[in-house]
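Here are a few friendly notes to read alongside the model. Keep the 3D view open and find each residue as it comes up.

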Amino acid sequence: MQIAESARDAIDGFANSKGRSTRHLLIGVGLTAGAVLASALIARANAPTADNPEVKRQYDQLDKPPITPPERAFSVIWPPLFMALTLSGLRIWNAPASPARTQALTLWGVVQALNAFWMAIGPRHLGGQLATSVASLGTSAVYAWRARQVDGPAAGMVAPYVGWLGFANVLTEELWRRNRVNATIH
């Protein structure tokens, strides 16, 4: 019994779930992990890898700036960021009900949708990727601000994601600038 109580205490501390039922906690895990998993699967399906020769070909044809990380860096960077996003959303889910919590959860969901859309667009639509990237950065920053009002550690967990999006915005803008087709008016 002592081990079970210690385990639950550890989970409560990690997930901000003290006083919440196991059912509530499991629903939160399902919702947050499911949303992030959907984004991750969309990212994987649209990643420029050997499994995606069309996307890889499009990506390889881009004029990339010198700040572009090597392709393998993304497989190291994204998983911890997705994990932190999941845990951040779970901590907000488990916070006491309030208008701030509802707003933070809504923003968290919008962040997930924008992330999935950004990755689904792919390198063929750099202008759309740039617009989505900017919206994602702004929404993520507002989420971090709102999450801080609900649960400080949840906001801290999403801070690296916001930082990465800042870099991704610079990279996406540079990709767009270098690869946009200048329209000719006839």
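1. First, some ground rules. This is a predicted model, in which local features need pLDDT of at least 70 and side-chain atom pairs count only at pLDDT 80 or more, while totals for chains, interfaces and linings use all residues. Residues are numbered from 1 along each chain as its sequence is written, and side-chain values use heavy atoms, with hydrogens and water left out.

2. A search of the whole structure turns up five salt bridges. The term means a side-chain nitrogen of Lys or Arg within 4 Å of a carboxyl oxygen of Asp or Glu.

3. Start with Glu54 and Arg57, whose closest N and O atoms are 2.5 Å apart in a salt bridge. Both sit in helix H3 (residues 53–60), three residues apart, about one turn of the helix. Helices here are DSSP runs (H or I, at least four residues), numbered from the N terminus.

4. How accessible are these two? Glu54 is partly exposed at 42% relative accessible area, and Arg57 is partly exposed at 38%. Buried means under 20%, exposed over 50%, and partly exposed in between (1.4 Å probe, protein chains only).

5. Now move to helix H7 (residues 152–179), where Arg177 and Glu174 lie three residues apart. Their salt bridge has its closest N and O atoms 2.5 Å apart. Glu174 also forms a salt bridge with Arg178, at 2.9 Å, and these two are four residues apart in helix H7.

6. Is Glu174 buried or exposed? Glu174 counts as buried, at 15%, whereas Arg177 is partly exposed at 41% and Arg178 is partly exposed at 30%.

7. Finally, look for Asp63: a network of salt bridges links Asp63, Glu174, Arg177 and Arg178.
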